[in-house]
There are 2 protein chains.
Amino acid sequence: MSGTRFSLNQWTARHWPLPELVETCAREGVGAGLWREPVREYGLERAAKLVRDAGLDVTSLCRGGFFTTAAGLDDNRRAIDEAAALGTAVLVLVSGGLPDGSRDLDGARERVADALAELAPYAGERGVRLAIEPLHPMYCSDRCVISTLGQAIDLASRFPVEQVGVCVDTYHVWWDPAVWADIARAPGRIAAFQVADWTTPLPAGVLTGRGLLGDGCVELRRFREAVDTAGYTGPVEAEIFNEELWAMPGEDVLALVRARYEEHVV
Amino acid sequence: MSGTRFSLNQWTARHWPLPELVETCAREGVGAGLWREPVREYGLERAAKLVRDAGLDVTSLCRGGFFTTAAGLDDNRRAIDEAAALGTAVLVLVSGGLPDGSRDLDGARERVADALAELAPYAGERGVRLAIEPLHPMYCSDRCVISTLGQAIDLASRFPVEQVGVCVDTYHVWWDPAVWADIARAPGRIAAFQVADWTTPLPAGVLTGRGLLGDGCVELRRFREAVDTAGYTGPVEAEIFNEELWAMPGEDVLALVRARYEEHVV
């Protein structure tokens with residue numbers, strides 16, 4: 001495998017055609033985190049063959065989850081199957097927000113635990129680990145009722161460590177006064193590590209506007225050192241939802257983000 | 001005093017001229033939380049006389065703080081003096097975000113504690129209680145490094161209970177899985193209670209867009225019951241930054257928000 005831990009999450013170079021992304025990342029010796037939608041659009045079997053032929057390290061598949069709203073368990077089992085087909089060991093899970101019109105946040109959180117109980121053995125049998133990703137609390141109502149790393153770790157800890165872990169994404173957890181202690185208490189539970197920076201002002205809808213590494217206020221290197229100290233040895237995925245990056249050619253995105261990674265994360 | 005705990009925060013009816021707001025709230029038997037900027041614009045002494053003459057219950061003054069960036073201790077001492085002049089027992093404090101270009105979040109949080117140590121006795125001598133308000137984590141970098149109720153309570157607990165408390169604002173803390181336990185461990189520390197609802201999508205800049213009571217997903221009544229159970233007996237201030245409310249005549253805002261309060265909070 002490559003000598004770098006750097007991995008490009010596909011959504012960072014959102015409009016890069018899959019074959020070019022796969023071929024370039026493999027040639028450059030970096031991994032890539034793939035997304036279900038573009039993989040399905042290209043065709044799962046074709047995508048899996050691309051990846052195998054290129055020798056790409058698929059560092060994660062994004063994403064399963066959305067238990068509390070639309071997606072059912074069947075769709076999540078498919079996501080696990082897709083991860084296995086792509087040869088990645090990690091399926092990132094975003095839990096989903098509150099059902100329309102609901103105010104039952106505690107209930108929604110419990111439903112996430114129920115869904116994990118159904119899915120964890122299925123994932124384990126296929127060599128895929130579920131990575132619960134806490135999203136920033138500003139997404140709590142509409143995307144993800146799991147809002148802190150502590151909450152994600154507590155949830156993961158109900159299941160065997162090889163079946164369920166957490167995804168630490170700096171963009172979502174950097175503000176949390178408990179985050180350093182939570183990372184330290186999570187040895188073995190960190191299944192994925194993603195980096196993006198925090199910048200303001202936030203755009204309408206707050207879905208884009210994530211900062212290029214080094215452009216914001218997140219202590220990126222401190223996070224990388226903290227997960228390392230907790231025993232995490234896996235890839236470092238740059239996942240940056242940013243309109244300016246999306247307007248650039250994929251190869252340029254890769255070069256720019258990787259350079260920023262070397263400067264601010266390594 | 002009035003038979004209701006309802007209080008209208010001035011920023012909810014942001015463009016209502018101060019004399020009308022004071023006179024109407026007093027006549028309706030509700031309190032009002034005032035803001036420093038419009039009070040200064042009107043003149044502190046004149047505003048204090050208005051309030052006294054009308055017999056208005058000033059439930060808080062917003063806001064001191066911003067320790068980590070622009071405002072110095074002198075400005076905060078002035079805020080305490082203004083609160084005393086207006087006859088309110090509560091000065092709401094928003095800590096401030098990270099200094100420009102800084103990534104030292106721990107340091108910024110420690111500076112808040114240092115500033116409180118300077119100000120708390122000064123406030124206590126004037127009969128004013130400092131209410132540390134945690135803001136939603138989406139404001140952590142640019143407005144308020146105090147991001148959870150637990151953090152605010154821990155900070156307040158370093159000081160005498162009559163000098164420093166916390167402000168529980170449902171908009172900022174509703175997502176927090178620890179919030180119910182934190183409210184329960186805060187007896188005597190809750191200095192102010194503010195209500196607004198959470199709705200999405202968030203507007204650009206995320207400063208406005210707070211939901212009218214009942215329009216969002218916050219368990220407002222559960223919060224009111226929780227602070228009551230923790231021993232809080234003070235006013236319930238509706239503080240809703242919302243462009244639609246700002247476009248309405250003040251008297252209509254008061255009637256609408258109070259009706260929603262009766263329906264969703266009482």
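This is a predicted model: local features need pLDDT of at least 70, side-chain atom pairs count only at pLDDT 80 or more; totals for chains, interfaces and linings use all residues.

Colleague: How do you know that chain A and chain B are related as by a two-fold rotation axis?

Modeller: Copies are superposed by least squares on the C-alpha atoms of residues with pLDDT of at least 70 in both. Here a rotation of 180 degrees, with 0.0 Å of shift along its axis, places chain A on chain B with an RMSD of 0.0 Å. The two copies are therefore related as by a two-fold rotation axis. In chain A, the residue that comes closest to this axis is Ala204(A), whose C-alpha is at 1.8 Å.

Colleague: What makes Asp53(B) and Lys49(B) a salt bridge?

Modeller: The rule asks for a side-chain nitrogen of Lys or Arg within 4 Å of a carboxyl oxygen of Asp or Glu. For Asp53(B) and Lys49(B) the N to O distance is 2.6 Å, so the pair qualifies. Both belong to helix H3 (residues 44–54) of chain B, and being four residues apart there, they are separated by about one helical turn. Helices are DSSP runs of H or I with at least four residues, and strands are runs of E with at least two, numbered from the N terminus.

Colleague: Why is Asp53(B) called exposed, but Lys49(B) partly exposed?

Modeller: Buried means under 20% relative accessible area, exposed over 50%, and partly exposed in between (1.4 Å probe, protein chains only). Asp53(B) has 56%, so it counts as exposed, whereas Lys49(B) has 47% and counts as partly exposed.

Colleague: And what makes Arg210(B) and Glu239(B) a salt bridge?

Modeller: Their closest N and O atoms are 3.5 Å apart, so the pair meets the rule too. The pair ties together parts that are 29 residues apart in sequence. Arg210(B), at 4% relative accessibility, counts as buried, and so does Glu239(B), at 3%.

Colleague: How many salt bridges does the rule give over all chains?

Modeller: The count comes to 39. Some residues join up: Arg36(A), Asp75(A), Arg78(A) and Glu82(A) are linked in a network of salt bridges.

Conventions. Residues are numbered from 1 along each chain as its sequence is written. Chains are lettered from A and ligands numbered from 1 in the order in which they are written. Side-chain values use heavy atoms; hydrogens and water are left out.
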